[in-house]
Amino acid sequence: MSDTAPNSEPAHELRADGSDPVEELPPQTLPLDAWHRAKGGRMVPFAGYTMPVQYEGIMAEHLWTRDSAGLFDVSHMGQLLIHGPDATAALESLLPGDLKILKPAKMRYSLLLDEQGGILDDLMVTRLGSEQPFGEVEGDDAFYMVVNGATKYDDIGHLREHLADEITLNHLDDRALLALQGPKAVDALDRILPGVAALTFMTAGTFDWNGHALWVSRSGYTGEDGYEISLPEDAATAFADAISAEPEVKPIGLGARDSLRLEAGLPLYGHDLGPDTTPVAADLGFALSKRRREEGGFPGAERILAERAAGPETKRIGLIIEGRQPVREGAEVIDADDKVVGRVTSGGFAPSISAPIAMAYCPPALAEAGTVLLRQRGKVHAARVVPMPFVPHRYVR
């Protein structure tokens, strides 16, 4: 993540072949841009947007979220509405999850895969029922999908290319998305939206707030209990004011969001996941539903199922680093002969356990040894292989 301020003018760089320069557009702003600045947010470019990386400080914001409730602006994420005749089968042709058994208002973590089984994105998909705030849908086979901000336009293009013509895809770009995370999130939000306390992990529902229809799910990406709230962008500032006025709630930036998800052992697309990563190597086998494993029929199924049976050549592991020095993304995993056999994909200091931690990919046999060596800028660090999450999840099921 860059810590430089966005340029006011488009940047230009020459193509390698000497042809016309490529114009790089300045970052877009989110509906709450002015709100973040008024709250003291330090703004940085991220995923094509200008977003707050911190307010009071990453460490303080991280610990506040673990102890109380943090409000995150995740409006850069892509919110999609997919509906039409047999939309379930259409999506199952692209995702490895069992959507047939998914009940209304229930959600599932899934993966958008390429033909080789590589991960194009990780996402959340929810089956919609008769009550939903996103407008009219064709028939009763409809889904709400949240995809990563940096990949959303590629995802939309991929979906439109591969979904049948009778399937409608709407990009809900007039809605903001907020995440309220932490053990006291339920207390704060239930005062604003009575009834949200009845939701359980990975369920959702429609709630009215000052005449606005909000879609609220009990979910998030910090490992804590919490909610994600989709709402019209013209209501975002007033709602952010209302919820942040609750004593349990403070605004939290991207820096703490990253350290929280790392402690929770949750992979970040573009770092721990990508087209060169399969679900098996990424230790995301739970996203391959039982029926789909038996039937196949999703992109890359042959390779993924064979890898699942034989075991991957490389796997995602969790590491606690000896000493106090964090090991960052890009550090090498080396074997006893000083040969590079893997790499660190996420790393940093974990405030909740007061130790540096990391995720890395390496051969399973090396991981089973219990310790690995990491090389960063010529210095070798010893690390202990540990189960993830590093900090236990606290979902309300």
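Two strands pair if DSSP finds at least two bridges between them. Helices (H or I, at least four residues) and strands (E, at least two) are themselves DSSP runs, numbered from the N terminus. In this structure, the bridge partner of glutamate 332 in β21 is arginine 375.

The structure is a predicted model, in which local features need pLDDT of at least 70, side-chain atom pairs count only at pLDDT 80 or more, and totals for chains, interfaces and linings use all residues. Residues are numbered from 1 along each chain as its sequence is written, and side-chain values use heavy atoms, with hydrogens and water left out.

**Confidence**

- The protein chain has an average pLDDT (the predictor's confidence in each residue, from 0 to 100) of 93, and 94% of the residues score at least 70.
- Over residues 1-19 the pLDDT is below 50, and this stretch has 29 contacts in the model beyond near neighbours in sequence; contact means heavy atoms within 4.5 Å.

**Strands β18, β21 and β22**

- Strand β18 (residues 332-334) runs antiparallel to strand β21 (residues 371-376), and 3 bridges join them.
- Strand β21 also pairs with strand β22 (residues 379-386), in the antiparallel sense and over 6 bridges.
- Threonine 371 has arginine 384 in β22 as its bridge partner.
- A hairpin is formed by β21 and β22, with 2 residues between them. In its turn, arginine 377 has a positive phi of about 50 degrees.

**The sheet of β3, β5 and β4**

- An open sheet of 3 strands has the order β3-β5-β4, with mixed pairing.
- Because β3 (28-29) and β4 stand at the edges with a single partner strand each, one side of each is left without a neighbour in the sheet.
- The pairing of β4 with β5 is antiparallel and extends over 5 bridges.
- Opposite arginine 42 stands glutamine 54 in β5.

**Helix α7**

- Helix α7 (residues 254-263) is mostly covered, as 9 of its 10 residues are buried. Buried means under 20% relative accessible area, exposed over 50%, and partly exposed in between (1.4 Å probe, protein chains only).
- Helix α7 lies across β4 and β5 and runs at about 70 degrees to β5; axes are lines fitted to C-alpha atoms, for helices over the stretch in contact, and angles run from 0 to 180 degrees between N-to-C directions.

**Helix α5**

- Ala185, Val186, Ala188, Leu189 and Ile192 are buried in helix α5 (residues 185-192).
- Seen down the axis of α5, these buried residues fall within an arc of 165 degrees, so they line one face of the helix. The arc is that of the directions from the helix axis to the C-beta atoms.

**Serine 68**

- Serine 68 lies in the loop between α2 and β6 and is buried, with a relative accessible area of 5%.
- The side chain of serine 68 reaches the backbone oxygen of glutamate 248 at 2.7 Å.
- Leaving aside its neighbours within four places in sequence, serine 68 is in contact with Gln181, Gly182, Pro183, Lys184, Ala185 and Glu248.

**Aspartate 86**

- Aspartate 86 is found in the loop between β7 (78-83) and α3 (87-92).
- Apart from its neighbours within four places in sequence, aspartate 86 is in contact with Asp141 and Ile167.
- From aspartate 86 to glycine 211 there are 125 residues in sequence and 32 Å in space, C-alpha to C-alpha.

Definitions and conventions: A polar contact is a pair of N or O atoms within 3.5 Å; within protein, one must be able to donate a hydrogen and the other to accept it, and residues adjacent in sequence count only if both atoms are side-chain atoms.
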